[in-house]
Amino acid sequence: DLSLPNGTPVDTSSPASSSSLLNRLQLDDDLDGETRDLFVTVDDPKKHVCTMETYITYRVTTKTTRAEFDLPEYSVRRRYQDFDWLRNKLEESQPTHLIPPLPEKFVVKGVVDRFSEEFVETRRKALDKFLKRITDHPVLSFNEHFNVFLTAKDLNAYKKQGMALLSKMGESVKYVTGGYKLRSRPLEFAAIGEYLDTFSLKLGTIDRIAQRIIKEQLEYLVELREYGPVYSTWGGLEVELSEPLEGVSACIGNCCTALEELSEDMTEDFLPVLREYILYSESMKNVLKKRDQVQAEYEAKLEAVALKKEDRPKVPTDVEKCQDRVECFNADLKADMERWQNNKRQDFRQLLMGMADKNIQYYEKCLTAWESIIPLLQDKPETK
Amino acid sequence: MEDCLAKKMEITVSEAEKRTGRNAMNMQETYTAYLIETRAIESQGEGQCAPMDSLWRRYSEFELLRNYLSVTYPHIVVPPLPEKRADFVWHKLSADNMDPDFVERRRIGLENFLLRVASHPVLCQDKIFYSFLTQEGGWKEMVNETGFQLKADSRLKALNATFRVKNPDKRFTELKHYSDELQSVISHLLRVRARVADRLYGVYKVHGNYGRVFSEWSAIEKEMGDGLQSAGHHMDVYAASIDDILEEEEHYADQLKEYLFYAEALRAVCRKHELMQYDLEMAAQDLTSKKQQCEELATGTVKTFSLKGMTSKLFGQETPEQREAKIKVLEEQIQEGEEQLKSKNLEGRDFVKSAWADIERFKEQKNHDLKEALISYAVMQISMCKKGIQVWTNAKECFSKM
């Protein structure tokens with residue numbers, strides 16, 4: 001039986017209490033292939049056409065050695081609203097933790113084709129990332145709802161059940177206190193808040209710049225598409241210059257294709273990840289606010305007790321519980337922030353290196369095209 | 001080619017200078033003067049360099065020279081001058097004639113023009129051209145004294161001939177179509193290229209914004225900060241690199257422009273042929289009609305309708321003496337006409353022969369030059385790609401250190 005430093009016993013029946021898992025947090029910090037015991041993948045999107053609606057499902061495959069799972073392998077099909085349900089459940093049941101973001105729920109019909117290959121693939125990657133982030137989390141990955149999501153044949157039945165379960169959870173889950181105002185945020189959390197504000201601002205700017213670049217590239221592409229064929233027309237007028245001019249025309253055509261691929265890649269791989277992180281920041285700021293609420297409640301109750309001037313030697317249980325909540329929340333949040341910072345660094349490292357790579361590949365394709373026509377241009381008619 | 005001037009003399013247009021002066025209306029004007037430097041090329045082995053001669057000329061004098069050459073050598077495809085006004089500009093380029101970049105490109109174009117003339121087997125021997133390069137004062141008067149303006153064919157006359165000529169040499173007709181199409185396609189190419197340059201400029205410059213935002217972002221990061229900051233610097237380098245790239249591309253555009261204007265020179269030779277051919281056809285037609293008239297008078301039969309014939313029918317025929325006199329005049333005219341026709345024929349054939357020889361020379365020059373231009377364009381693109389790879393590789397390395 002574990003207890004907090006001040007002697008109060010910990011309510012281990014509550015899944016929200018994670019101080020019992022503090023140890024596990026430290027151990028699982030370094031997840032490499034050998035220590036990992038849970039693998040989740042999202043793939044194989046399929047379109048379902050029903051009378052009422054058309055929608056996409058994704059295959060969610062799980063491989064695990066964890067005792068919490070009955071089988072070592074699972075394969076289920078889930079649709080976006082199932083992922084959305086999971087996220088909401090996680091937010092409810094683990095309010096002290098940072099829950100990863102989902103790709104945007106609503107897409108403007110007519111502007112985006114919800115069933116196009118590109119859109120579905122972009123969404124699949126985001127959903128895969130979402131589950132992998134949960135999998136990597138030492139607390140969230142043990143969440144019961146997550147388990148059911150990965151394993152249940154009929155998720156809808158469980159969803160309906162869930163309403164009843166929730167009411168059984170008890171007070172300890174309900175952190176929404178409301179009405180309490182925090183005097184001042186502790187420095188370290190204020191710093192996190194400021195960081196997140198600037199961070200999401202900068203990401204927003206980068207998003208706009210990236211979009212602008214894509215727009216300029218597409219306008220450049222329009223002109224290139226007119227430019228190349230003119231060389232071909234000219235080639236039709238000439239005799240000796242016919243092949244060289246055709247060569248230049250074809251070359252420009254190849255560059256057009258390469259540019260198109262670059263813009264597509266940026267749209268499909270770069271922008272969505274940026275936007276995910278902006279969503280992430282927003283949800284994190286909300287968690288910070290919830291934390292403020294919990295602290296505010298605690299401080300208010302403490303003050304109320306102090307004002308009563310009772311000579312009770314012991315602090316009332318509900319104030320103790322508040323203190324407990326605050327300390328758990330702070331601990332969870334700090335640990336999650338550290339983890340988040342590390343993942344963020346790796347994610348952005350990969351994202352930006354990927355962006356650089358795509359540009360390198362674009363230039364390499366163009367380079368190959370132009371280098372290949374040099375011999376054609378230098379070719380002397382006698383050698384033909 | 002050993003005789004051509006370019007081999008014996010080094011010619012450069014080395015400087016351009018803004019000048020103010022008074023024009024023919026005694027109004028103050030600003031113009032640019034170009035310094036032409038010439039130096040005799042010594043044979044190899046002799047260490048000494050001949051002294052450099054130089055003189056200043058303005059664009060209008062170049063124009064006068066070219067007009068003179070075009071009129072005096074109508075069978076030659078005369079090299080064109082660089083454009084008078086900036087055309088096919090993309091937004092960053094100035095359309096201002098006084099703009100230093102434009103002046104610089106014009107300087108190069110004028111030098112190119114002089115070198116082209118100096119390497120032409122026929123044109124390089126012209127005395128007026130030589131004086132243009134070497135004689136500072138009185139050159140304008142010298143040109144005007146040649147009276148070349150009188151030899152120039154009127155535009156109207158040429159247009160008339162184009163429409164009415166019956167049997168031009170087929171090769172010239174084809175060449176005329178070719179030069180029209182060449183003008184059209186190169187114009188189109190230059191227009192689109194300018195738009196392409198504009199757009200490419202935009203793409204590169206927007207990347208500069210990454211530099212600033214990465215810098216701002218790096219300020220709030222601990223481990224990621226350095227990598228972001230240095231990557232941002234590379235984005236700035238990338239954005240700045242487009243200026244030089246597009247400046248170099250202007251040289252390619254200038255090479256294309258030269259051949260755009262060359263198409264006009266080709267057209268001029270075709271026009272001259274049409275004019276001469278039309279002249280010939282008219283002379284032959286005139287001769288035939290005179291011969292016919294003569295025959296009619298001699299035999300008394302009227303084969304063709306003529307007002308004279310009608311009036312003489314109405315008002316009585318001429319006396320035999322009158323008729324004899326007429327026949328004599330006609331016979332003289334016919335003889336003159338036949339001689340003229342012979343010489344015109346000869347002229348025409350000579351023209352066709354020498355013009356075609358120069359056209360063949362031009363074709364080879366064009367194929368060679370345009371191939372070179374395309375190669376240099378490809379080389380520019382390759383260089384641009386390599387720079388792009390370099391910058392992004394550097395940026396990637398910075399990101400990897402995040």
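Is A:E219 buried, partly exposed or exposed, and at what relative accessibility? The answer is given in point 6, after the chains and their interfaces have been described.

1. Basis of the note. This is a predicted model, in which local features need pLDDT of at least 70 and side-chain atom pairs count only at pLDDT 80 or more, while totals for chains, interfaces and linings use all residues. Residues are numbered from 1 along each chain as its sequence is written, chains are lettered from A and ligands numbered from 1 in the order in which they are written, and side-chain values use heavy atoms, with hydrogens and water left out.

2. Chain A as a whole. The chain contains 8 helices and 3 strands, where helices (H or I, at least four residues) and strands (E, at least two) are DSSP runs numbered from the N terminus, and their order along the sequence is α-β-β-β-α-α-α-α-α-α-α. Of its 384 residues, 47% count as buried, with buried meaning under 20% relative accessible area, exposed over 50%, and partly exposed in between (1.4 Å probe, protein chains only). Among contacts (heavy atoms within 4.5 Å) with a separation of 6 or more in chain A, 74% join residues 24 or more positions apart. The accessible area of chain A, from the Shrake-Rupley method with a 1.4 Å probe, is about 20,000 Å², and carbon and sulfur atoms supply 52% of it.

3. The two domains of chain A. An automatic or database domain assignment divides chain A into domain 1 (35-155) and domain 2 (179-383), and their centres, taken over C-alpha atoms, are separated by 21 Å. The contact between them takes 20 residues from domain 1 of chain A and 19 residues from domain 2 of chain A. Together the two domains bury about 1,800 Å², 53% of it on carbon and sulfur atoms; buried area here is the accessible area (1.4 Å probe) that two parts lose on being put together, summed over both. On the side of domain 1 of chain A, A:T96, A:L98 and A:R133 lose the most area to domain 2 of chain A, together 35% of what that side buries.

4. The rule for a salt bridge (a side-chain nitrogen of Lys or Arg within 4 Å of a carboxyl oxygen of Asp or Glu) finds 4 of them across the interface of domain 1 and domain 2 of chain A. A:R133, already listed for its lost area, has its side chain in a salt bridge with that of A:E276, at 3.2 Å from N to O.

5. The interface of chain A and chain B. Here the contact takes 55 residues from chain A and 54 residues from chain B, and the buried area is about 5,400 Å², of which carbon and sulfur atoms give 75%. In chain A, A:Y227, A:W234 and A:Y363 lose the most area to chain B, together 13% of what that side buries. Across this interface the rule finds 9 salt bridges and 18 residue pairs in polar contact, both at pLDDT 80 or more. Helices α6 (187-237), α7 (242-308) and α8 (317-378) of chain A each supply at least two residues of the side that touches chain B, and α6(A) gives the largest share, 24 residues.

6. Salt bridges between the chains. B:R195 and A:E226 meet through their side chains at 2.8 Å, N to O, and B:R199 forms a salt bridge with A:E219, the closest N and O atoms being 2.7 Å apart. The latter pair joins two chains, because B:R199 lies in helix α8 (residues 170-218) of chain B and A:E219 in helix α6 of chain A. To return to the opening question, A:E219 counts as partly exposed at 24% relative accessibility, and B:R199 also counts as partly exposed, at 29%.

7. Salt bridges within a chain. A:R66 pairs with A:D37 at 2.8 Å between the closest N and O atoms; A:R66 is buried, with a relative accessible area of 8%, whereas A:D37 counts as partly exposed at 26%. In chain B, B:K272 forms a salt bridge with B:D153, the closest N and O atoms being 2.9 Å apart.

How values were computed: A polar contact is a pair of N or O atoms within 3.5 Å; within protein, one must be able to donate a hydrogen and the other to accept it, and residues adjacent in sequence count only if both atoms are side-chain atoms.
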